[in-house]
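Colleague: Thanks for sitting down with me. Could you take me through this model one piece at a time?

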Amino acid sequence: MPVPDTQKSRRKLVVVGNGMAAGRMLEELFALQPDAWDVTIFGAEPRVNYNRIMLSPVLAGEKTYEDIVIHDDAWYAAHCVALRKGEAIVSLDCKAHSVTTSGGEVVSYDKLVIATGSQPFVIPAPGVNLPGVVTYRDLDDVKLMLAAAAKGGRAVVIGGGLLGLEAAAGLQVQGFEVAVVHLMPTLMERQLDESAGYLLQKAIEASGIEIITKANTQAILGVDKVEGVKLADGRILPADIVVMAVGIRPNVAIAKAAGLKVNRGIVVDDAMGSSDPDIIAVGECVEHRGQCYGLVAPLYEMAKIAAARLAGNDEALYTGSVTSTKLKVTGIDLFSAGDFSEGKDEIVLRDPAHGVYKRLVLDGDRILGAVLYGQTDDGAWYFDLLKKGADISSMRQTLIFGQAYQGGSPLDPTAAVAALPDDTEICGCNGVSKGAITASIKAHALTSLDDVRSRTKASSSCGQCTGKVEQILALTLGGAYAAATRKPMCKCTDLTHEEVRGFIISKSLKSMPAIWQELAWKTSCGCASCRPALNYYLVCAWPSDYADDSQSRFINERVHANIQKDGTFSVVPRMWGGLTTPDELRAIANVADRYKIPTVKVTGGQRIDLLGVKKEDLPKVWADLNAAGMVSGAAYAKGLRTVKTCVGSEWCRFGTQDSTGLGVKLEKTLWGSWTPAKVKLGVSGCPRNCAEATVKDIGVICVESGYDIHIAGAAGLHVRATDLLGHVETEDEVIEHVAAITQLYREEAAYLQRIWKWVETVGLEYVRASIMNDAANRKALAARFEASQKVYRKDPWAQRVSGREHYEFAPVATVAWIGVEEGATV
Amino acid sequence: MNAVTLNWFDIGPLTAIPRRGARTVRTPRREIAVFRTADDQVFALENRCPHKGGPLSEGIVHGAKVTCPLHNWVIDLESGGATGEDHGCSRTFPVKIVDGHVFVEMTRAIAA
């Protein structure tokens with residue numbers, strides 16, 4: 001090829017990689033210096049530079065390859081760029097200033113740009129090399145998927161991130177039945193918080209794609225082609241094609257082999273320079289200030305700086321990128337940007353009826369991050385405010401409503417409702433207007449929220465408009481309206497405990513993010529007050545579906561022991577009905593000796609308490625007690641604590657029935673259950689009541705003719721004698737009645753509300769009607785209790801001894817001595 | 001010499017700490033609680049509540065705060081300070097995550 005004279009003075013620029021970063025960098029460079037460089041570019045793919053982020057529309061059939069080409073052959077020719085398609089660079093010699101191609105050719109350079117991008121991360125599982133397992137990175141991958149689509153069948157996508165979900169949507173369009181397997185509990189957890197992740201999962205599932213979270217892929221199955229995916233829990237998902245989309249890894253091989261500084265990516269400074277002065281790196285292969293990027297905006301920013309540097313501008317600096325994310329899936333609107341860590345100041349807006357969730361994370365008067373789902377029009381505006389570090393204090397009140405709402409003066413909530421026209425829809429779920437509510441209040445002399453709910457249905461579905469309805473009541477009734485009767489669960493919601501419980505059942509809410517979103521929580525992720533309550537409500541409502549969240553439990557329930565003032569724990573083994581044996585006592589004594597337990601005490605509930613156990617000894621203490629046949633006494637639980645008994649007819653000359661035996665049976669029925677607050681029982685063999693059953697949550701007094709069942713006693717801060725609920729004749733009846741009472745209490749009381757308080761709230765007559773006078777209801781309650789107990793009547797100690805959450809008990813590390821101790825105090 | 005040497009100590013993989021939970025690091029002078037939030041931020045504090053010395057590592061983690069298991073003081077994980085009406089501060093230590101491992105800077109942890 002003849003070389004024009006002008007080119008002789010040109011410096012030689014070699015670019016390794018022909019992806020989007022390299023292409024953009026050349027564009028920027030030619031804009032600055034059209035004729036300064038003699039450019040050779042090596043691309044491993046046998047084609048020109050195309051828009052890789054538009055592969056999803058190609059897969060979905062919305063675009064063709066031609067549509068997504070960025071630089072066609074004419075562009076390279078026009079800029080005198082020698083494009084070497086399909087030629088990879090296999091090595092780099094920094095000293096000789098040369099690279100070697102896969103064909104063995106050595107090409108020298110004055111300046112080298114490494115833009116090798118990244119490669120898909122393939123999980124190290126057996127079977128990943130089977131035909132039919134594809135990654136999702138380039139056009140060839142898409143072609144493979146499209147070819148497979150001709151045959152149809154089932155596709156499994158491993159990875160529920162941005163790429164995986166786009167692949168899943170595309171494959172579905174191509175006719176596959178698709179399942180997405182994701183390791184983490186929520187989708188796109190790097191770009192979304194739990195609430196947005198919940199909405200996204202709901203939308204994707206509604207489109208017919210199966211989502212399996214917390215799923216660890218163990219193996220890809222198949223003989224000579226892929227046939228399925230096996231998960232760690234044993235589930236097998238049949239598959240005709242498996243797409244691996246778990247993440248990307250920077251391509252650093254040649255840089256590393258050449259001795260350039262490489263961590264996760266090729267390390268570059270703010271000038272995009274590598275550790276070699278003549279080598280620049282850009283794109284997904286680099287690591288800048290500890291950060292690797294996989295989105296296009298940062299790559300373009302890097303490309304701009306790299307080009308400026310090549311053109312001789314020593315001032316150009318790349319200082320890192322704030323990134324934003326959108327998902328290119330039809331029908332799904334999400335946006336996230338910046339830092340949306342928990343625990344910072346935040347503004348949350350949810351519209352459950354329309355599947356909208358918006359969250360802005362603030363630091364003082366600046367926006368740090370934004371997560372938008374369902375309504376993303378303002379994403380760009382927030383992102384702009386975020387990048388500029390704009391002071392938002394003047395629009396803080398209305399910021400979350402978006403750009404269109406700025407400028408007006410914020411109203412106080414009641415004035416805002418007063419200003420609404422009568423035809424404004426207040427309750428989106430049931431389509432009730434402000435005028436209809438006002439008219440109904442006047443026409444039917446309604447005075448409370450409940451009245452409005454039953455009359456108009458407003459605020460009775462998701463409860464999000466509760467505040468507005470209350471304001472309408474206040475406006476309509478004036479001073480006559482007293483709102484104080486309702487007590488919201490916590491600052492995260494306007495709903496009461498009772499209302500939240502009702503919605504959990506009526507709307508089938510089975511996870512905390514589902515509750516937060518569908519009931520319009522005002523915070524992104526609850527608080528220390530509502531999380532334990534919600535966890536209990538979910539455990540109670542969905543015993544077999546809901547996975548208990550131990551991190552939402554108080555430490556005592558998390559480690560099945562009671563924390564003491566010095567951080568040690570006390571351990572109480574169960575003694576059924578207060579009975580023990582010489583062998584059990586010996587085992588307890590041995591444990592006390594072996595683990596140097598300083599205090600052994602008899603409790604008020606007829607148990608033995610081992611006090612001062614070190615946390616790391618807990619599993620060993622339990623194992624020893626388990627070995628002697630004892631299980632957790634649950635002395636820590638919002639659940640059944642003890643059934644206290646007297647000796648009864650077996651020994652006592654006054655005993656009328658076998659109170660000890662009945663106590664054991666009751667304890668064997670109730671143990672392990674979770675309840676709103678602790679539950680203590682007593683069974684006395686005669687009305688002399690030695691077991692003090694009449695100050696227990698549930699007490700049984702044996703009499704000649706059978707058994708009196710008492711409820712709602714208390715002997716703590718508050719002392720209260722029980723109320724007699726009713727009389728039954730047999731032990732079996734006692735057990736059924738007690739199980740039914742417990743279940744009614746479990747289903748209806750607020751978290752932390754003891755039985756006596758609950759009975760005083762709902763009235764003894766209500767409980768009597770539900771339990772004593774309605775046999776069908778009682779049997780149904782007892783059956784629901786038993787269904788739940790099938791899950792929870794298990795010894796938590798044995799589960800922990802066998803290894804569940806074993807990490808809880810040992811320090812993660814022990815630092816015995818640090819070498820510089822002397823120097824540090826100088 | 002007055003140069004302060006930084007003592008970054010690898011206490012193990014991030015995944016060893018449960019989300020919305022904590023693990024402890026034992027040192028000769030004091031126990032350190034290393035917290036991991038739901039979104040994988042990590043904080044290290046002395047494992048003592050400024051109120052009555054309660055083990056903060058056993059508390060419920062919510063956002064970037066922990067509620068002490070003994071008397072429900074709420075401690076800000078970033079500053080170590082008590083929030084709300086309560087006053088007091090737990091010592092904090094610098095932390096960083098490198099290649100999925102949590103490093104705690106121990107210079108202050110070994111000082112008296």
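Colleague: Let's start in chain B: in which loop is the place of Arg20(B)?

Modeller: Happy to, and please keep in mind that this is a predicted model. The two elements on either side of Arg20(B) are strands of chain B. The loop that holds Arg20(B) is the one between strand 1 (8-13) and strand 2 (21-26) of chain B.

Colleague: Does Arg20(B) count as buried or exposed, and at what relative accessibility?

Modeller: Its backbone deserves a mention too: phi of Arg20(B) is positive, near 55°, and this residue is not a glycine. For burial, the cut-off is under 20% relative accessible area. Arg20(B) therefore counts as buried, at 8% relative accessibility.

Colleague: What is phi of Asp40(B), the other residue of chain B on my list?

Modeller: Asp40(B) has its place in the loop between strand 3 (31-36) and strand 4 (42-46) of chain B. With a relative accessible area of 25%, Asp40(B) is partly exposed. Its phi is a positive value in a residue other than glycine, near 65°.

Colleague: How much area is buried between chain A and chain B?

Modeller: The contact draws 41 residues from chain A and 37 residues from chain B. Carbon and sulfur atoms give 56% of the buried area. The area itself is about 3400 Å².

Colleague: Now for chain A as a whole: what percentage of its residues are buried?

Modeller: The secondary structure of chain A comes to 28 helices and 39 strands, and its C-alpha atoms fill a box of roughly 120 × 75 × 70 Å along the principal axes. Among contacts in chain A with a separation of 6 or more, 62% are between residues 24 or more positions apart. Of the 826 residues in chain A, the buried share is 53%.

Colleague: How is helix 13 of chain A set against helix 15 of chain A?

Modeller: The axes of helix 13 (residues 434-443) of chain A and helix 15 (residues 466-477) of chain A come within 10 Å and cross at roughly 50°. That angle makes helix 13 of chain A, relative to helix 15 of chain A, oblique.

Colleague: What classes do the residues of that contact between helix 13 and helix 15 of chain A divide into?

Modeller: From helix 13 of chain A come Lys434(A), Ile437(A), Thr438(A), Ile441(A) and Lys442(A), and from helix 15 of chain A come Val469(A), Ile472(A), Leu473(A), Thr476(A) and Leu477(A). Several of those on helix 13 of chain A are also buried, including Ile437(A) and Ile441(A). By class, the contact residues are six nonpolar, two polar and two charged.

Colleague: Which residue just after helix 13 of chain A takes a positive phi?

Modeller: The value to look for is a phi of about 50°. The residue that takes it, just after helix 13 of chain A, is Ala445(A).

Colleague: Which residues make the contact of helix 20 with helix 21 of chain A?

Modeller: The crossing of these two helices of chain A is right-handed. Helix 20 of chain A brings Ile588(A), Val591(A) and Arg594(A), and helix 21 of chain A brings Val621(A), Asp624(A) and Leu625(A).

Colleague: Last one: leaving aside neighbours within four places in sequence, what is Ala232(A) in contact with?

Modeller: Ala232(A) is in the loop between strand 14 (226-231) and strand 15 (236-238) of chain A. Its relative accessible area is 44%, so Ala232(A) is partly exposed. Beyond those sequence neighbours, Ala232(A) is in contact with Asn216(A) and Gln218(A).

Conventions:
Residues numbered from 1 in each chain as written. Chains lettered and ligands numbered in written order. Predicted model: local features only at pLDDT ≥ 70, side-chain atom pairs only at ≥ 80, totals over all residues. Heavy atoms only, no water. Axes fitted to C-alpha atoms, helices over the stretch in contact; angles between N-to-C directions. Helix = DSSP H or I, 4+ residues; strand = E, 2+ residues; numbered from the N terminus. Parallel < 35°, antiparallel > 145°, perpendicular 65-115°, else oblique. Contact = heavy atoms within 4.5 Å. Nonpolar A, V, L, I, M, F, W, Y, C, P; charged D, E, K, R; others polar. Buried < 20%, exposed > 50% of the residue type's maximum accessible area, 1.4 Å probe, protein only. Buried area = accessible area lost by both parts, 1.4 Å probe. Left-handed = near helix turned anticlockwise from the far one by under 90°.
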